[in-house]
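Dear colleague,

Please find the structure below, handed over for your files. My notes on what was found in it follow directly after.

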Amino acid sequence: MSDLSQIVKAYDVRGTVPDQWDERVAEALGAAFTQLLNSTDEPGDAVVVGYDMRGTSPGLAAAFATGVRAEGRSVIEIGLASTDLLYYASGSLDLPGAMFTASHNPAQYNGIKMCRSGARPIGQESGLAEIRDRAQAMLDSGDARPAGAPTRPAERRDLLPDYAGYLRKLVDLSGIRPLKVVVDAGNGMGGFTVPTVLGDAALSPLPLEIVPLYFELDGTFPNHEANPLDPANLVDLQRAVVEHGADIGLAFDGDADRCFVIDERGEPVSPSAITALVAARELAKHPGSTVIHGLITSSAVAEIIREHGGKPVVARVGHSFIKAEMARTNAVFGGEHSAHYYFRDFWFADTGMLAAMHTLAALGEQSLPLSVLAGEYERYIASGEINSTVSDQAAAVAEARAAYPDAVADEMDGLTLRFPDGAWFNLRASNTEPLLRLNVEAPTRDRMVSLRDDVLDRVRR
């Protein structure tokens, strides 16, 4: 018997197939999702369903669609898609949606990201727990759908050209200087979307020379994991940027909703710097707007937002929290340390592709190399995210808190301690894995290293 509490996480479904979940579970989740929509009078009579390149994705998506149709809603199948392509479908069609992907997780995993119409997020506190409980009840009773329930139709639509055209209207790259761009798709969905959005597969050519790495769709990830947050997975891209004399490198994760940036020297550009860069561009178009930034982004982000006339608002880590805060404040943009970027013009949803286009536009509209341009947004030294497996997470966090009694504490998301010299660290439990995550930032490298090592020693001890 499947225990859905093991796979229904804070803001999505994620687990190994078939031992933690399978097509029977997917059908129950589809029925439960639709029951929730029907009980809350969600507009429209259809659900959009897309899936990534993993071998289990088509079957799971089809089973989920069966559950949706059994509960009285039709299905619009968009087939292979990036997660932000699914959000585009949900937003442009004003329909709820479900994307089958495990993002950057290894090949044996799969998952579902569900949203309401207009790409509005569904998390534990906004319906996901109810979906879990409804589906669990169906599975426990041995009945994944009501007896005699009518089956609604399914239709297939190709929305990739429309998605590409929409993004190109938001960021016009046609007039920038020529750029050589190495793109590492990691055998994920970037290999499906990049040729249309940035290439000339469907639209007019852009002044971009795309050098592709691992564009072949392959859910076994034969070259490296599609997780650019791990520096080991950026090595091939860094090498290729230097070898090709490229202006910039872009790395997408498995479902292509996140994008990491490499400069012309082969050095990573921090997601905080990209957040500040895109925020400045959006504030130039929408003066005085609110910009959301994740709790763990650099202190420079809020400083730069204020310097450009915007209002910075901090939010908890996680896309459902960021999206909810963006909708509440009508923020023009939002960014996280994990390279998730959110746009008001994209239904407050996250899209790595649009962030990449803003970065290309900023680079191509002037003559400076990316290392110099990005340096304008880098003011502090950060550790990056460091994970520790800790048996007693609460005790480890309490130990860290007690060690620095003079620091200013914030418990919005885990424990954040700020020091008078501008240094800070955040220690929090992962939303999706049994890990304690540490992020440290300081004005100098020596201070960052000293604080990082001291906290890690206490946590791991």
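By class, the residues that line the second largest pocket are six nonpolar, five polar and three charged; here Ala, Val, Leu, Ile, Met, Phe, Trp, Tyr, Cys and Pro count as nonpolar, Asp, Glu, Lys and Arg as charged, and the others, Gly among them, as polar. This pocket holds about 210 Å³ of space. Of its 14 lining residues, His-293, Ser-299, Ala-302, Val-314 and Arg-418 lie nearest the centre. At least two lining residues come from each of helix H9 (299–307), strand S14 (311–315) and strand S21 (415–418). Helices (H or I, at least four residues) and strands (E, at least two) are DSSP runs, numbered from the N terminus. Grid points are joined across faces, edges and corners, and a volume is the space filled by probe spheres set on the points.

Please note that this is a predicted model, in which local features need pLDDT of at least 70 and side-chain atom pairs count only at pLDDT 80 or more, while totals for chains, interfaces and linings use all residues. Residues are numbered from 1 along each chain as its sequence is written, and side-chain values use heavy atoms, with hydrogens and water left out.

Cavities

The whole structure contains two cavities of 30 Å³ or more. The largest cavity has about 40 Å³ of space, and its lining includes Asp-184, His-224, Glu-225, Asn-227, Asn-233 and Phe-252. Five nonpolar, four polar and two charged residues make up that lining. The second largest cavity, of about 30 Å³, is lined by Leu-170, Val-171, Glu-282, Lys-285, Phe-343, Asp-345, Leu-354 and His-358. Helix H8 and helix H11 (352–364) each give two or more residues to this lining, which by class has four nonpolar, one polar and three charged residues.

Helix H8 (residues 271–285) also holds Thr-275. Thr-275 counts as buried because its relative accessibility is 0%; buried means under 20% relative accessible area, exposed over 50%, and partly exposed in between (1.4 Å probe, protein chains only). Not counting residues up to four places away in sequence, Thr-275 touches Val-301, Phe-333, Gly-335, Glu-336 and Tyr-341, where contact means heavy atoms within 4.5 Å.

An open sheet of five strands has the order S9-S8-S10-S11-S12, with mixed pairing. Strand S9 (208–213) and strand S12 (268–269) are its edge strands, each pairing on one side only. Two strands pair if DSSP finds at least two bridges between them. Within the sheet, strand S10 (residues 248–252) and strand S11 (residues 259–262) are antiparallel and share four bridges, and Gly-249 has Ile-262 as its bridge partner in S11.

Strand S20 (residues 408–410) runs antiparallel to S21 over three bridges, with Asp-410 partnered by Thr-416. On to strand S22 (residues 424–429), S21 makes four antiparallel bridges, and Leu-417 stands opposite Phe-425.

Two individual residues

Strand S8 (residues 179–184) contains Lys-180, which is partly exposed at a relative accessible area of 22%. The Lys-180 side chain reaches the backbone oxygen of His-244 at 3.0 Å. Lys-180 and Gly-123 are 57 residues apart in sequence and 39 Å apart in space, C-alpha to C-alpha.

Asp-52 sits in the loop between strand S2 (46–51) and helix H2 (57–70) and is buried, with a relative accessible area of 1%. A polar contact of 2.6 Å joins its side chain to that of Ser-57; such a contact is a pair of N or O atoms within 3.5 Å, where within protein one must be able to donate a hydrogen and the other to accept it, and residues adjacent in sequence count only if both atoms are side-chain atoms. A polar side-chain atom of Asp-52 also lies 3.0 Å from the backbone nitrogen of Arg-54.

With kind regards

How values were computed. 1 Å grid on protein atoms, 1.4 Å probe; cavity = no way out; pocket = protein on both sides within 12 Å on 5 of 7 lines; lining within 4 Å.
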